[in-house]
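These are my notebook entries on a single protein chain. I set down what I looked up, entry by entry.

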Amino acid sequence: MRLSGKRIIALVDDEFEDLELWYPIYRVREEGATVHLAGPEKGKKYIGKYGVPAESELSFDELSAADYDGILVPGGWAPDKLRRYKQVLQVVRELHEAKKPIGQICHAGWVLISAGILKGVTVTSTPGIRDDMENAGAIWKDEAVVVDGHIVSARRPPDLPEYGKAFVDAVARQA
């Protein structure tokens, strides 16, 4: 239970990639962390690309980066929605400034791009947004998982085992 006492935010909105949301959540919970799902509306049920639901426990307005030890941003089409909320971008920036783990997979890189935190950071993502990542100043690699300091990135669902472990390790390293 390396993550006992740790608190993680998992962002959610419609059309998240089901496995990319739930697999990392289960990994950090298995290690003892508490995970809170945050969406645009508290108590709303959001539906993933393949029909798996996720109910938000908090709204974005209720989030405070100071209360959390890291964040998980799922892929799918949700990141294109998530990046439009100033509260999401603010929390991501504050977690980045505090050097707390930020996990992003697949299209989740769009959120980090909009938060303006990728200049000079080595990352991966789905190859479909490679140009977006590089245009934001990131150094993109075609690898299953890339860890650059506190930013943990992965490409797609087949990379979830390595991604889950890398994110858990990043949170466990926090003081």
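**Entry 1: overall fold.** I began with contacts, where contact means heavy atoms within 4.5 Å. In the protein chain, residues 24 or more positions apart account for 63% of the contacts with a separation of 6 or more. I note that this is a predicted model, in which local features need pLDDT of at least 70, side-chain atom pairs count only at pLDDT 80 or more, and totals for chains, interfaces and linings use all residues. Residues are numbered from 1 along each chain as its sequence is written, and side-chain values use heavy atoms, with hydrogens and water left out.

I then looked up the secondary structure and found 6 helices and 11 strands in the protein chain. These are DSSP runs numbered from the N terminus, with helices (H or I) of at least four residues and strands (E) of at least two.

**Entry 2: size and surface.** The C-alpha trace spans about 35 × 30 × 30 Å along its principal axes.

I recorded an accessible surface of about 7500 Å², of which 48% belongs to carbon and sulfur atoms. Such areas come from the Shrake-Rupley method with a 1.4 Å probe; for residues, only the protein chains shown count as cover. Of the 175 residues, 55% count as buried. Buried means under 20% relative accessible area, exposed over 50%, and partly exposed in between (1.4 Å probe, protein chains only).

**Entry 3: Ser153.** I located Ser153 in strand E11, residues 151-154. Is Ser153 buried or exposed? Its relative accessible area is 0%, so Ser153 is buried. Beyond four places in sequence, Ser153 touches Gln104, Val123, Thr124, Ala144, Val145, Val146 and Tyr163. With Thr124 I found a polar contact: the side chain of Ser153 reaches the backbone nitrogen of Thr124 at 2.9 Å. A polar contact is a pair of N or O atoms within 3.5 Å; within protein, one must be able to donate a hydrogen and the other to accept it, and residues adjacent in sequence count only if both atoms are side-chain atoms.

**Entry 4: Asp159.** Asp159 is in the loop between E11 and helix H6 (160-173). Its relative accessible area is 5%, so Asp159 is buried. Leaving aside neighbours within four places in sequence, Asp159 is in contact with Ala144, Val145 and Ala154.

Entry 5: Most residues other than glycine have a negative phi. Glu15 lies in the loop between strand E1 (7-11) and helix H1 (18-30), and at 36% relative accessibility it counts as partly exposed. Lys99, also not a glycine, has a positive phi near 60°. Lys99 is in the loop between helix H3 (86-97) and strand E7 (102-105), and it is exposed, with a relative accessible area of 51%.

**Entry 6: Lys119.** I found Lys119 in the loop between helix H4 (109-115) and strand E8 (122-123). At 73% relative accessibility, Lys119 counts as exposed. Residues up to four places away in sequence aside, Lys119 touches Ala136 and Gly137.
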